[in-house]
Amino acid sequence: MHAAHRPARRLAAPLALALPVLLAGCSADPPADPPPPPSAAPRPVGMDAARDELAALAAAAQDRHLVARYNLLADGVADRSILVTSANDGSWRVDVPGGAHGGAADISLAATADGLFQCALPSAARPEPPSCVRLGERDDTLPRRLDPRVQHPFTDWLDVLTDRRAPLSVSPAMAPPGATGSCYSVETTAASINPPLDVGIYCFDADGTPTAVRAAFGTLTLAAPPEPAPATVQLAGPVVEGEPLGMEALPTDPASTDPGGVDPVATDAGTR
């Protein structure tokens with residue numbers, strides 16, 4: 001009778017030994033990782049490569065010192081010629097025809113070791129000799145009421161393009177008409193009242209020369225090969241005390257522009 005139960009005991013013994021091992025193996029398996037959230041999805045390889053290429057070209061532009069002329073095309077405004085000077089000592093100057101008073105006044109913006117300046121240039125609407133007003137330290141931000149914006153692609157926006165922490169999305173783009181170089185479409189990825197730069201298209205030659213920019217202010221296109229840079233920039237005129245020229249157009253005299261206005265001299269002559 002006892003002999004009849006021996007096979008069952010022999011079978012039960014190995015099972016009893018194996019069961020804890022199997023249970024331990026199952027309990028040792030780590031839980032499956034949850035799927036990553038949609039925001040953690042990998043970025044396309046091409047976009048990362050474009051961001052790296054643009055950052056490298058913008059870094060080269062920061063070291064590129066030159067004198068270059070650009071054509072500026074903007075809706076509703078006659079084409080203008082912008083002169084950009086990036087001197088060997090890091091100072092810079094950008095001459096902007098029609099850069100103030102709603103396009104009626106020509107100005108020059110410059111940053112030197114002595115600060116940031118706006119210079120009023122002679123023009124048909126302002127025939128006075130050139131003069132300059134100090135706006136602050138050389139790295140100060142221009143208030144919007146004084147900012148023509150065309151100087152930014154050659155100055156502080158280069159810092160943004162080289163900063164990999166800046167909230168930007170970069171992809172290859174077609175060059176604007178008449179432009180050369182490698183071009184990139186730049187978008188901001190974070191909502192902001194004051195974005196770090198204008199979204200648009202930025203183009204550079206391999207040596208870092210900016211060749212074109214299409215942004216909110218219009219389209220800048222390199223008009224001729226750059227010339228060698230000076231040692232430092234010179235202000236367009238003497239520094240004086242006074243108020244800088246604003247972007248807003250000056251009010252006009254209603255008596256001279258109102259078609260319904262009456263010339264008092266002519267009225268008096270007609271009643272005599």
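Modeller: Burial is assigned from relative accessible area: buried means under 20%, exposed over 50%, and partly exposed in between, with a 1.4 Å probe and protein chains only. The model is predicted, so local features need pLDDT of at least 70 and side-chain atom pairs 80 or more, whereas totals for chains, interfaces and linings use all residues. Residues are numbered from 1 along each chain as its sequence is written, and side-chain values use heavy atoms, without hydrogens and water.

Colleague: Why does Glu128 count as partly exposed?

Modeller: Glu128 has 40% relative accessibility and therefore falls in the partly exposed class. Arg126, at 17%, is buried.

Colleague: What makes Arg126 and Glu128 a salt bridge?

Modeller: The rule asks for a side-chain nitrogen of Lys or Arg within 4 Å of a carboxyl oxygen of Asp or Glu. The closest N and O atoms of Arg126 and Glu128 are 4.0 Å apart, and the pair forms a salt bridge. By this rule the count comes to 8 salt bridges.

Colleague: Which parts does the pair of Asp207 and Arg64 tie together?

Modeller: Asp207 and Arg64 form a salt bridge, with closest N and O atoms 3.4 Å apart. Asp207 lies in the loop between β9 (200-204) and β10 (210-215), and Arg64 in the loop between α2 (45-62) and β1 (66-74), so this pair ties together parts 143 residues apart in sequence. Such elements are DSSP runs numbered from the N terminus: helices are H or I of at least four residues, strands E of at least two. Asp207 is partly exposed at 42%, and Arg64 is partly exposed at 22%.

Colleague: What joins Asp147, Arg149 and Asp198 into one network?

Modeller: The side chains of Asp198 and Arg149 meet in a salt bridge at 2.8 Å, N to O. Asp198 lies in the loop between β8 (182-188) and β9, and Arg149 in the loop between β6 and α3, so parts 49 residues apart in sequence are tied together. Salt bridges that share partners join Asp147, Arg149 and Asp198 into one network. Asp198 is buried, with 10% relative accessibility. Arg149 also has a positive phi of about 75°, although it is not a glycine.

Colleague: How do you know that Arg80 has no salt bridge?

Modeller: The nearest side chain of opposite charge to the buried Arg80, Asp106, is 7.3 Å away. Arg80 is found in strand β2 (residues 77-86). A polar atom of the Arg80 side chain lies 3.2 Å from the backbone oxygen of Gly98.

Colleague: Which residues form the negative surface patch?

Modeller: The patch is formed by Asp139, Asp140, Asp156 and Asp159. Patch residues have over 30% relative accessible area and no salt bridge; like charges are joined within 9 Å, and nonpolar side chains (Val, Leu, Ile, Met, Phe, Trp, Tyr) within 5 Å. Lys and Arg count as positive and Asp and Glu as negative, while His and the chain ends are not counted. Asp156, in helix α3 (residues 156-162), has a relative accessible area of 33% and is partly exposed.

Colleague: What does the side chain of Asp163 reach?

Modeller: The Asp163 side chain reaches the backbone nitrogen of Arg165 at 2.9 Å. Asp163 lies in the loop between α3 and β7 (168-172) and is partly exposed at 25%.

Colleague: Why is His101 called buried?

Modeller: The relative accessible area of His101 is 18%, so this residue is buried. His101 is found in the loop between β3 (92-100) and β4 (105-112), and has a positive phi of about 50° although it is not a glycine.

Key: Areas by Shrake-Rupley, 256 points an atom, 1.4 Å probe, with all protein chains shown as cover. Charge placed at Lys NZ, Arg CZ, Asp CG, Glu CD. Polar contact = N/O pair within 3.5 Å; in protein donor to acceptor, adjacent residues only side chain to side chain.
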